[in-house]
Amino acid sequence: MDPLLRPIVERNGMMFGFGMAATGEPDTARVRVTVLQFPEAAAARSAAIEAEAAGFSSAPKANAPVTLDWYPDAKAHWRQDVPALDAALARGNYLIVVNATRPEPNLAALQELTKRAIAAQLPLLDQLPPLSVRDMRQQEFDPQGMLRRALHSGEDLAPNFDREAVFTARGFRHVAVEPELWRRLIVVGGIDAVARTSGGGLVARARNDKAAGAVLNELRGTGRQAAEAPPGVPDAFCVETGSATERFTCTVRSGRYVAQVASGQLQDAHQRAAAQFALLVNSGWT
């Protein structure tokens, strides 16, 4: 987290948050959106005011205040010499922080980028009731049984954002190594949930059996160097990825589920693929 922002959100009781950045081609616009939840709306409003003040005062001679005509409550400023625009806006218990940059000092373009980012974010937050501290402690680890279907070849079996977690389709696009590939896969397969496990494992749930087959075919056609398929596992295939620790990735399917396993050795990848396939076949759930 931005060192300027951290003490402010801690002082106001931030509970959790997520940040994501995206950019176009090299030397074009970049937008980063961070969403933080607080215990109450007053804390979010206080954090928004303090965050803007801290950002502005970090370079008072270079920064200039900015308004966003769609969002009069937003606090914003920009730097012409960077050039970048920073904005903070409270929405109920949530704080939205947007940082937009461009290669040229175009304030109107930066304002437009910022407003578009906020416009995309607000409806999503309006659909997400804030959690209380008690709600946070009572969240289920695997409510849809996705991790129970997944092969755990590592040792980390506790909730971990990087290695042991379940995502909605939108959430997984934020963390996928190949976001554009997964954007296509989600559309092709109607994928609504993805589990990621330690040891390079992954299980995705498609709309139905036919859609899962379409996801498998899409993955098969990504153009990677083919490796020997795991014996005795129908429809499965393996590829070489170039990674030292996860050189081989094998993909299997059963019903509406598509799964991937990875290993540095082909024989081990084959064994993991067979074990993952058996887990899917024997899960007995829809």
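Two strands count as paired if DSSP finds at least two bridges between them, and strands (E, at least two residues) and helices (H or I, at least four) are DSSP runs numbered from the N terminus. With that in hand, Val252 has Ala259 in β13 as its bridge partner. This is a predicted model, where local features need pLDDT of at least 70, side-chain atom pairs need 80 or more, and totals for chains, interfaces and linings use all residues. Residues are numbered from 1 along each chain as its sequence is written, and side-chain values use heavy atoms, leaving out hydrogens and water.

**The sheet**
- Strands β12 (residues 248-254) and β13 (residues 257-263) pair antiparallel over seven bridges.
- They sit in an open, antiparallel sheet of seven strands, ordered β7-β8-β9-β13-β12-β11-β10.
- β7 and β10 (225-227) are the edges with a single partner strand each, so one side of each has no neighbour in the sheet.
- Twist averages 25° from one strand to the next (axes are lines fitted to C-alpha atoms, for helices over the stretch in contact; angles between N-to-C directions run from 0 to 180 degrees).
- Helix α8 (residues 266-282) packs on the sheet, touching β9, β10, β11, β12 and β13, at about 20° to the direction of β12; contact means heavy atoms within 4.5 Å.

**The largest pocket**
- The largest pocket holds about 2200 Å³ of space. A pocket is an open set of points on a 1 Å grid over the protein atoms alone where a 1.4 Å probe fits, with protein on both sides within 12 Å along at least five of seven lines; lining residues have an atom within 4 Å of a point. Points join across faces, edges and corners, and volume is the space filled by probe spheres set on them.
- Of its 48 lining residues, Phe18, Thr168, Arg170, Gly171 and His174 are closest to the centre.
- α3 gives the largest share of the lining, seven residues.
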